[in-house]
Each structure stands twice: as structure tokens, then as C-alpha cells.
Amino acid sequence: MIYLCSSKSNVISTQIEHKKSLNLLFYREGFSFLVEENEKTSKISHIKVTHPSRWETEIIKELEINLRLRRSFDQVNAAFVSSFFNLVPALYAEESSEVLLNFSEAEFEDNQIMKAFLTDENCFVYGTSSSLIRKLKELYGQPFLTHSGQVFLDSISKTNEVVVHLNLIQHQLEIAFISNQKLQFYNLFETPTGEDVLFFTLFALEQLNLDGNKVELKTYGELLPATKVFQTLKKYVRFLSAAQKDEDYLANFTLQNLSKCASFQALSKEKK
């Protein structure tokens, strides 16, 4: 829980660089993945667990037996929609992870604690299944690992306008409040029903002292204009709209931007 107020060519020959990447997004109900190859993306696949209590076992087994995931990849990127997190200024990132996560509830018996730095000098401290992390490294070497919030916050546009961003991922709602190009608030809520999405959205607006008749809200993920939950929200907030017109892209906003986020982070490390 967190609160925060090409191709190369010459005359002699042509060399085309072939790069294949696997992008994985893990959440409470399972995971989704897509493969990018030479700037083309595959159809997104969604894998759901049958028994939530056996989440780790089912996910790891799927990674082991799914032939589409056992291919050779140049890069593997994985993001986790984890409610076991805190978002802190980067200068506090060296503090004990146990202290920084003191008010968050762990999701697994054995948790791997990790950190993900944003472009605005904030840092996600989060935990997820140690067994899953070990399996990802066993299968893919050194995958890029991050919290879903990093991908979301680094992918939305930050302007001088006051905007609330809502991203619904498989019954988990990310809410971000941006003002004067800076992040003012981010949190992740469990939303099993449309009523929960409405409740937490209005709750966040109230806590932030924002008027639902004046503030602009942009939606991502499964909050598409044709959905019942979007139409319900529209009855309570005046300026509600999808962040982009391309609904296929918007429906899987986090997964679609994961590769870009990984590339940007790699470039940032090179410059340091």
C-alpha cells in the first residue's frame, strides 16, 4: 500500500537484426504474455489459474510445459501486479526493505523483495513469489523484472493538467494522480466487482480533495468505453474518457509497454 501527497545497410551487404522478446505480466488470477519479434507482436495469451491457493505451482508448471514460452528469446521482461509494495522517494531506497514494507501484507509464504526505480526519482519496493523468480531466472537467465506500477507510471503522459489515471488489470485497479507533471498519488486496489472499481475511484477522489465534476479521468486496461463499469463510472464523474482510441492496445496497456520500459531502464543504466 502506498500514498505519495533496424536495419543496417551498406553498398556491399544488408544486415537485419532479428530480436525476439518475451513479455510476461503476472497477476492474482494468472498471467498474460506476448512475443515481440522484429517490431511485430503476437496475439496476447491469457493464462488463468484454477486454484488460487496453488497459484505458484500452476504458474511455474505452465512456464515449464508451454512450448510458446520455452523458445529461445533475446530478452525476457516480467512485471508483477503485486499489492505487497511501497512507493518511496529514491533516496530512501537504501533503507531496510522490511521497514519500507512494514505496512504491506505479503502475498506469499516466501517472498523475493525487489526494487524498481522510476524516471521521476521514486522507487517501488515490492515482493513476489521467490519460487517464481527462481524459475524465471532458471528458464531465461537474467530477465528484466519490475512492478506493474513502474510500467504504468513511466508510460502515461505527464502534463501540467490535473489528471487521474485508472488502469484495470484483471480485477486489480491502479490509480495514479498527476499534477504539474509530477506524481502526487499512486495505489493499487483489489476490485472483484464493478462496484469496487466505482468505490475506490470515488474514495481516491475524496481523499485527494478532487471534484468529480471538474477533474479529468483517463482510463486504461479493461476500463473501455463499451464496458458496464465504464458506463457506471461515467454517471459519477463528468470528464471520463479512454486514454487512447486504439482499444486493442489500451486493453493490455501495461503488457504492451513492458518492453519499452525495460529498454528505457537498460539505457538509463548504461548512461550512469
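**Helix packing, sheets and cysteines in a predicted model**

Modeller: In this predicted model, helix α1 (residues 55-65) and helix α3 (residues 130-140) have axes that come within 10 Å and cross at roughly 5°.

Colleague: What makes α1 roughly parallel to α3?

Modeller: The crossing angle is roughly 5°, and angles under 35 degrees count as roughly parallel. Therefore α1 is described as roughly parallel to α3.

Colleague: Which residues of α1 and α3 meet?

Modeller: From α1 come W55, E56, I59, I60, L63 and E64, and they meet S131, L132, K135, L136, L139 and Y140 of α3. By class, this contact of α1 with α3 holds eight nonpolar, one polar and three charged residues.

Colleague: How do you know that β14 and β16 are edge strands?

Modeller: The open sheet of five strands runs in the order β14-β13-β12-β15-β16, with mixed pairing. Both β14 (182-190) and β16 (239-242) pair on one side only, and they are the edge strands. From one strand to the next, the twist averages 20°.

Colleague: How many residues lie between β13 and β14 in their hairpin?

Modeller: The hairpin has two residues between β13 and β14, and N180 in the turn has a positive phi of about 55°.

Colleague: Which helix packs on the sheet that contains β13 and β14?

Modeller: Helix α5 (residues 194-207) packs on that sheet and touches β12 (163-169), β13, β14 and β15 (216-221). The direction of α5 makes about 25° with that of β13.

Colleague: What is the strand order in the open sheet of three strands?

Modeller: The order is β8-β10-β9, with antiparallel pairing. The edge strands are β8 (85-89) and β9 (111-117), each of which pairs on one side only. Here the twist averages 20° from one strand to the next.

Colleague: Why are β9 and strand β10 called paired?

Modeller: At least two bridges are needed for pairing. Seven bridges join β9 to strand β10 (residues 122-129), and the two run antiparallel; the pairing therefore follows from the criterion. Q112 stands opposite T128 in β10.

Colleague: Which strands of this sheet does α3 touch?

Modeller: α3 packs on the sheet and touches β9 and β10, with a direction at about 95° to that of β10.

Colleague: Why is C123 called buried?

Modeller: Buried means under 20% relative accessible area. C123 has 0% relative accessibility, so C123 counts as buried. C261 has 6% relative accessibility and therefore also counts as buried.

Technical notes:
Residues are numbered from 1 along each chain as its sequence is written. This is a predicted model: local features need pLDDT of at least 70, side-chain atom pairs count only at pLDDT 80 or more; totals for chains, interfaces and linings use all residues. Side-chain values use heavy atoms; hydrogens and water are left out. Axes are lines fitted to C-alpha atoms, for helices over the stretch in contact, and angles run from 0 to 180 degrees between N-to-C directions. Helices (H or I, at least four residues) and strands (E, at least two) are DSSP runs, numbered from the N terminus. Angles under 35 degrees count as roughly parallel, over 145 as roughly antiparallel, 65 to 115 as roughly perpendicular and the rest as oblique. Contact means heavy atoms within 4.5 Å. Ala, Val, Leu, Ile, Met, Phe, Trp, Tyr, Cys and Pro count as nonpolar, Asp, Glu, Lys and Arg as charged, and the others, Gly among them, as polar. Buried means under 20% relative accessible area, exposed over 50%, partly exposed in between (1.4 Å probe, protein chains only).
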